[in-house]
Amino acid sequence: MMNNEEELACVIERIKMTRISKNISQMEVCLRANMSQSFLANIESGKKQPSLMTIIRIASALEVNPRDFFPEDSKKNKEEIKKEIHELINLL
């Protein structure tokens with residue numbers, strides 16, 4: 001099982017790899033997610049930790065499910081993550 005730091009590193013790597021695989025620039029993601037390019041660059045380089053809301057915004061900009069960024073063996077089960085994401089989306 002991964003620890004929290006490993007999980008976060010995995011999430012960050014999946015964000016970056018998803019963006020690259022879709023051939024979308026950081027700037028395009030930032031325009032779609034309404035954030036600065038330097039903020040996304042700092043997330044992708046591991047200098048900043050994204051909040052769950054930021055992860056949701058990035059996922060939306062990349063047109064993927066936020067759960068796609070999380071490792072399968074996460075301490076939280078899929079239902080807990082799904083519930084948290086739905087609660088945050090409902091707040092929007």
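Which residues does Q26 touch, not counting residues up to four places away in sequence? Q26 touches R19, Q37, L40, A41 and E44. A touch here is a contact, meaning heavy atoms within 4.5 Å.

This is a predicted model, in which local features need pLDDT of at least 70, side-chain atom pairs count only at pLDDT 80 or more, and totals for chains, interfaces and linings use all residues. Residues are numbered from 1 along each chain as its sequence is written, and side-chain values use heavy atoms, with hydrogens and water left out.

**The overall fold**

The chain has 5 helices and 0 strands. Read from the N terminus, its elements run α-α-α-α-α. Helices (H or I, at least four residues) and strands (E, at least two) are DSSP runs, numbered from the N terminus.

The C-alpha trace spans about 35 × 30 × 20 Å along its principal axes.

Take the contacts between residues at least 6 apart in sequence: 55% of them join residues at least 24 apart.

**Surface and burial**

The accessible surface comes to about 5,900 Å², and 49% of it belongs to carbon and sulfur atoms. Areas come from the Shrake-Rupley method with a 1.4 Å probe; for residues, only the protein chains shown count as cover.

Of the 92 residues, 34% are buried. Buried means under 20% relative accessible area, exposed means over 50%, and partly exposed lies in between.

| Residue | Relative accessible area |
|---|---|
| Q26 | 17% |
| C10 | 16% |
| C30 | 2% |

Both C10 and C30 are cysteines that count as buried. A disulfide is a covalent bond between the sulfur atoms of two cysteines. The search counts a pair of cysteine sulfur atoms within 2.5 Å. Across the whole structure it finds 0 disulfides.

Q26 lies in helix α2, which covers residues 26–33. Among its contacts are L40 and E44.

Those two residues belong to helix α3 (residues 37–44), where L40, I43 and E44 are buried. They sit on the same side of α3, because they cover an arc of only 95° around the axis. The arc is that of the directions from the helix axis to the C-beta atoms.

What do the buried residues of α3 pack against? They pack against α1 (4–21), α2 and α4 (52–62). After α3 comes G46, whose phi is positive, near 85°.

Conventions: Buried means under 20% relative accessible area, exposed over 50%, partly exposed in between (1.4 Å probe, protein chains only).
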